Amino acid sequence: ALKGRAEGYYGLALESLEKCFDGKAVDLISAALMDLTIAAQTKPGFKCLWKLIGDCCLCLHDVAPNIARPKVPAPLLGNHGDVILVTKQELLQLAARLYSHALSLSDGHSSFLLHNMSLAYYYQGQLLQNISEQDSKEKLNTALQIMKNAVSLSPSNHQHWNALGVIASHSLVAQWSLAQHAFIKSLHVEPNNAIAWVNLGSLYFINGNIMLAHSTFERAQSCDPGHVQGWVG
């Protein structure tokens with residue numbers, strides 16, 4: 001019952017984020033975390049609970065740091081007491097730890113958990129970019145290695161390849177050849193993915209390949225005319 005109610009809170013939070021009701025989403029995630037913590041304490045061997053808690057933390061990655069401050073049950077942070085108001089960085093660190101714990105319950109053989117854990121490190125790296133370049137690079141390189149592991153486990157998943165390309169094309173990682181390879185592999189698996197076409201076009205544009213970028217953005221437009229980013233190019 002607790003898991004079901006938490007999933008309801010999580011779903012409503014995602015809807016609120018789509019409508020830019022960020023404050024409401026944060027409140028809903030706080031409520032979901034309360035229920036899920038109780039459920040996880042009751043059934044600590046259920047990896048689905050730890051994954052869902054991680055997903056709740058991760059979904060606020062695009063929310064402004066001054067708003068993305070949910071109330072997290074103290075036991076999730078290894079503390080005593082009731083709830084703790086966390087920063088966005090602490091929330092993303094918690095997400096990474098939760099995915100790691102869920103992976104330990106599945107012997108490390110879950111490309112989807114690896115995917116999400118990689119994103120948790122990637123968003124941490126983005127958040128640290130203007131604070132500490134060295135710390136940012138460390139988080140981004142960790143994200144890169146974890147996403148490579150996800151790709152190795154599930155090479156037919158186009159989302160893993162696309163995410164690998166996004167991480168590799170970050171300015172502090174700048175592995176352009178790997179990024180190009182990853183985006184193209186993603187498109188080999190799912191050729192009608194406008195997001196991957198846009199990412200590949202952006203990579204070409206950043207590296208001065210204007211003609212290739214133009215044709216790639218055209219492919220994105222034809223795949224999904226409603227995908228706004230495809231028209232930016």
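In which helix do K137 and E133 lie, and how many residues apart are they?

Modeller: Both K137 and E133 lie in helix α6, which covers residues 133-153, and they are 4 residues apart, about one turn of the helix. The model is predicted, so local features require pLDDT of at least 70 and side-chain atom pairs count only at pLDDT 80 or more, while totals for chains, interfaces and linings use all residues. Residues are numbered from 1 along each chain as its sequence is written, and side-chain values use heavy atoms, with hydrogens and water left out. Helices (H or I, at least four residues) and strands (E, at least two) are DSSP runs, numbered from the N terminus.

The side chains of these two residues form a salt bridge, with N and O 3.7 Å apart. The term denotes a side-chain nitrogen of Lys or Arg within 4 Å of a carboxyl oxygen of Asp or Glu. Side chains of opposite charge can pair when their charged atoms come close. An α-helix has 3.6 residues a turn, so residues three or four places apart point the same way. K137 counts as partly exposed because its relative accessibility is 30%, and E133 is likewise partly exposed at 47%. Here buried means under 20% relative accessible area, exposed means over 50%, and partly exposed lies in between (1.4 Å probe, protein chains only).

Other residues of α6 are covered. S136, L140, A143, L144, I146, M147, A150 and V151 are buried in this helix. Their cover includes α5 (111-128), α7 (158-168) and α8 (176-189). The length of α6 can also be checked: at 1.5 Å a residue, its 21 residues should span 30 Å, and its end C-alpha atoms are 30 Å apart, which agrees. The expected span is 1.5 Å times one less than the number of residues.

The loop between α6 and α7 contains S154. This serine is buried because its relative accessible area is 18%. Leaving aside residues up to four places away in sequence, S154 touches S111 and H160; contact means heavy atoms within 4.5 Å.

K3 and E7 both belong to helix α1 (residues 2-18) and are 4 residues apart, about one turn of the helix. K3 is partly exposed at 28% relative accessibility, and E7 is partly exposed with a relative accessible area of 37%. Another salt bridge connects D35 with R5, whose closest N and O atoms are 2.7 Å apart. This pair links distant parts of the chain, as D35 is in helix α2 (residues 22-42) and R5 is in helix α1, 30 residues apart. D35 is buried because its relative accessible area is 5%, whereas R5 counts as partly exposed at 46%.

Two loops deserve a word on backbone angles. C20, in the loop between α1 and α2, has a phi near 65°, a positive value in a residue other than glycine. C20 counts as exposed because its relative accessibility is 62%. A174, in the loop between α7 and α8, has a phi near 55°, again positive in a residue other than glycine. A174 is partly exposed at 31% relative accessibility.

As to cysteines, a disulfide is a covalent bond between the sulfur atoms of two cysteines. With the criterion of a pair of cysteine sulfur atoms within 2.5 Å, the search of the whole structure finds 0 disulfides. C20 is accordingly in no disulfide, and the nearest cysteine sulfur, that of C59, is 14 Å away.

Finally, F205, I206 and I210 make a nonpolar surface patch of about 330 Å². Patches consist of residues with over 30% relative accessible area and no salt bridge, like charges being joined within 9 Å and nonpolar side chains (Val, Leu, Ile, Met, Phe, Trp, Tyr) within 5 Å. Accessible areas come from the Shrake-Rupley method with a 1.4 Å probe, and for residues only the protein chains shown count as cover. F205 is found in helix α9 (residues 194-206) and is exposed because its relative accessible area is 52%.
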